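Here are my notes on this model, point by point. Please keep the structure open beside them as you read.

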Amino acid sequence: MFALQPSSATDKPSLYGELAQQLAALIAGEADAIANAANMAALLYHGLPDVNWAGFYLAKAGELVLGPFQGKPACIRIALGKGVCGTAAARQQSLVVPDVAAFPGHIACDPDSRSELVVPLLAERRLLGVLDLDSPHRNRFDEADRAGCERLAAIFLAELARHPGALAALSSH
Ligand code: SME
């Protein structure tokens, strides 16, 4: 059993440092991409303050399909280039959206969501999916969150890359 440790971090880099250690411990040695994604979603949902949705959309047959997450039920399919998730995926760049109401084409899954951070999951420029975080507060996410979540996404991908076929199992093209 894995016990989530209460954080003593007083700044975002320290908090993401703790989460990075916890994520590495959670997924160490595990080749199952969905199991690791599910545990990572739970870690972020419970470990980050002011987050109402944390999870994955996975690249399948040219679109994004809902993957493991924590939060309210969400829309299932997002076209590349649509919404915050599809835009980050198409650009292969992280997106910090301080106010989702001001983002053209934002897809409202949970009406409580006010700001959003999306980090694409890439293997050699190949899109595997995105990590998506929502907050009920405007301006919740900043560059420290972007950098922290990109670090966590890299840990997630690096573990899968150690197991033959595990990265490929995350998505299907
Ligand atoms: N708001 C996202 C859709 C996914 S939900 O936030 C879980 C978007 O615009 O892509």
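1. Start with Arg125. At 64% relative accessibility, Arg125 counts as exposed. The cut-offs are these: buried means under 20% relative accessible area, exposed means over 50%, and partly exposed lies in between (1.4 Å probe, protein chains only). Arg125 is found in the loop between strand S5 (115–123) and strand S6 (126–135). Helices (H or I, at least four residues) and strands (E, at least two) are DSSP runs, numbered from the N terminus.

2. A word on the basis. This is a predicted model, in which local features need pLDDT of at least 70, side-chain atom pairs count only at pLDDT 80 or more, and totals for chains, interfaces and linings use all residues. Residues are numbered from 1 along each chain as its sequence is written, and side-chain values use heavy atoms, with hydrogens and water left out.

3. Now the aromatic rings. The structure holds 3 aromatic pairs. Rings of Phe, Tyr and Trp (its six-membered ring) pair if their centres lie within 6.5 Å; planes under 30 degrees apart count as stacked, over 60 as edge-to-face, and the rest as tilted. Trp53 and Phe69 form a stacked pair, 5.1 Å centre to centre with 15° between the planes. This pair links distant parts of the chain: Trp53 is in strand S1 (residues 53–60) and Phe69 in strand S2 (residues 63–71), 16 residues apart. Ring pairs also join Trp53, Tyr57 and Phe69 into a cluster. Trp53 is buried, at 2% relative accessible area. Phe69 is partly exposed, at 27%.

4. Is Asp110 buried or exposed? Asp110 is buried, because its relative accessible area is 4%. Asp110 lies in the loop between strand S4 (95–97) and S5. A polar atom of its side chain is 2.8 Å from the backbone nitrogen of Asp112. Leaving out residues up to four places away in sequence, Asp110 touches Asn52 and Lys72; contact means heavy atoms within 4.5 Å.

5. Check the cysteines. How many disulfides does the structure hold? It holds 0 disulfides; a disulfide is a pair of cysteine sulfur atoms within 2.5 Å. For Cys85, the nearest cysteine sulfur is that of Cys75, 7.5 Å away. Cys85 is buried, at 4% relative accessibility. Cys109 is partly exposed, with a relative accessible area of 29%.

6. Look along helix H4 (residues 143–161). H4 has 19 residues and spans 26 Å from its first C-alpha to its last, close to the expected 27 Å. That expected span is 1.5 Å times one less than the number of residues. Asp142 caps the N-terminal end of H4, with a side-chain oxygen 3.0 Å from the backbone nitrogen of Ala144. Buried residues of H4 include Gly148, Leu152, Phe156 and Leu160. Among the elements covering the buried residues of H4 are helix H1 (12–27), helix H2 (33–47) and S1.

7. Finish at the ligand. Which of the 13 residues around the ligand come nearest? They are Val84, Cys85, Ile107, Glu116 and Asp134. A residue is near a molecule if one of its heavy atoms lies within 4 Å of it. An oxygen atom of the ligand is 2.7 Å from a side-chain N or O atom of Asp134. A backbone N or O atom of Val84 lies 2.9 Å from a ligand oxygen. For a polar side-chain atom of Asp132, the distance to a ligand oxygen is 3.4 Å.

Notes
A polar contact is a pair of N or O atoms within 3.5 Å; within protein, one must be able to donate a hydrogen and the other to accept it, and residues adjacent in sequence count only if both atoms are side-chain atoms.
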